[in-house]
Amino acid sequence: MTPDFNSQLPPQADAVQEWLARLRSQQGLAKAQETIFYLMRKFPDHLGLQVLRDWHDPVWWKPIEFGAIRLERRGPEHFEFLWSLVLQKDFAHQLKHLPPGLTPSDLMLVLSNESTAIIPESRAITWVIFKGEQPIGISMFVNINFKNRTAEQIMGIMPGYDTSFLVADAYFSSLLVAYNCLGLNKVQGLIYDSNESAATLQQRFGFQREGRLRQAVWHEASQRYLDLIQISLLHEEFLVNRFIQRYIGREARHPFLMRRQEWPRSTGDRHRE
């Protein structure tokens, strides 16, 4: 049912959220943004609408420049590059979120949905990593949990571009989004035990190895269970890590990346900056 936007009574936030999702799907992101901004002008003190407005802020879809790389929110315009990753089976396997058997139409549907999704509904955000105009990898946070302030980080950079500076630029810009923009307390990674080098690299960046999840996932190609290495970095560790903070301090940073936000743990809580 369409909310009565002409009423002088504030609409229910849940009804508005459902309507905005329908608008994004059927008429595009811009129409949903226009609608929520109109409602906020009409009901400026409505806390539920304030949160929806903040999640529809265009800044979430703008590229992030950091050091020598740029993060672009993944969308249909990146199809050609992302499909090339799907075809590189070993690379796709390490990423875990490019499943085998994915078809071009499947991928395009995923990209179309992601391009208009808001994070509290999708519980994920994915960027394509660029060096200049060349796409070189992807960075994502999945399983974002605002109650527990946690998410899993997944990153892959193409061979030939996986130099220490480019990797660090991609990791630290992504972590700024995680701890500041998303207000997370813990970022964790689950890495195939065959990719020990990735776990070692993230430990150099300050992550702590928490343990090994034995026979955690089934690998269809090898017909066996695989172990996962579990690593994590807490917000408090991120703040006091001298290497990370020195590195970040050398780079120009958009104010959006530097503002710590606390999103509602539930619909009844208020968003704080």
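Modeller: Let us begin with a definition: helices and strands here are DSSP runs, numbered from the N terminus, and a strand has at least two residues. Please also keep in mind that this is a predicted model.

Biologist: Where is R149 found?

Modeller: R149 sits in the loop between β4 and β5, the latter spanning residues 150-157. Its phi is near 60°, a positive value in a residue other than glycine.

Biologist: Is R149 buried or exposed?

Modeller: The cut-off for buried is under 20% relative accessible area, and for exposed it is over 50%. R149 is buried because its relative accessible area is 8%. N143, however, is exposed, as its relative accessible area is 52%.

Biologist: How does one read a nonpolar core, and which residues touch the most other members of the largest one?

Modeller: In soluble globular proteins, nonpolar side chains tend to be buried together. Here the largest nonpolar core has 52 residues, of which W55, W60, I144, F172 and L182 touch the most other members. Helix α8 (residues 164-181) gives the most to this core, namely 12 residues. Another core lies apart from it and has 19 residues, including L98, V128, M140 and M158.

Biologist: With which residues is F172 in contact, leaving aside its neighbours within four places in sequence?

Modeller: With that exclusion, F172 is in contact with F66, F205, F243, I244, Y247 and I248. Three of these names return when we turn to helix α11 (residues 242-250), where I244, Y247 and I248 are buried.

Biologist: Which residues of α2 are buried?

Modeller: They are L29, A32, Q33, T35, I36, L39 and M40. These cover an arc of only 160° around the axis, so they are on the same side of α2. The face turned away from the buried side carries the exposed residues A30 and R41. As for its length, α2 (residues 29-42) has 14 residues and reaches 20 Å from its first C-alpha to its last, close to the 20 Å expected at 1.5 Å a residue. Its buried residues pack against α1 and α3 (47-55).

Biologist: Why does A13 count as partly exposed?

Modeller: Partly exposed is the range between buried, under 20%, and exposed, over 50%. A13 counts as partly exposed because its relative accessibility is 22%. This residue lies in helix α1 (residues 13-26). Leaving aside neighbours within four places in sequence, A13 is in contact with H46, G48 and L52.

Notes:
Residues are numbered from 1 along each chain as its sequence is written. This is a predicted model: local features need pLDDT of at least 70, side-chain atom pairs count only at pLDDT 80 or more; totals for chains, interfaces and linings use all residues. Side-chain values use heavy atoms; hydrogens and water are left out. A nonpolar core is a set of buried Ala, Val, Leu, Ile, Met, Phe, Trp, Tyr and Cys residues joined through side-chain atoms within 4.5 Å. Buried means under 20% relative accessible area, exposed over 50%, partly exposed in between (1.4 Å probe, protein chains only). Helices (H or I, at least four residues) and strands (E, at least two) are DSSP runs, numbered from the N terminus. Contact means heavy atoms within 4.5 Å. The expected span of a helix is 1.5 Å times one less than its number of residues. The arc is that of the directions from the helix axis to the C-beta atoms.
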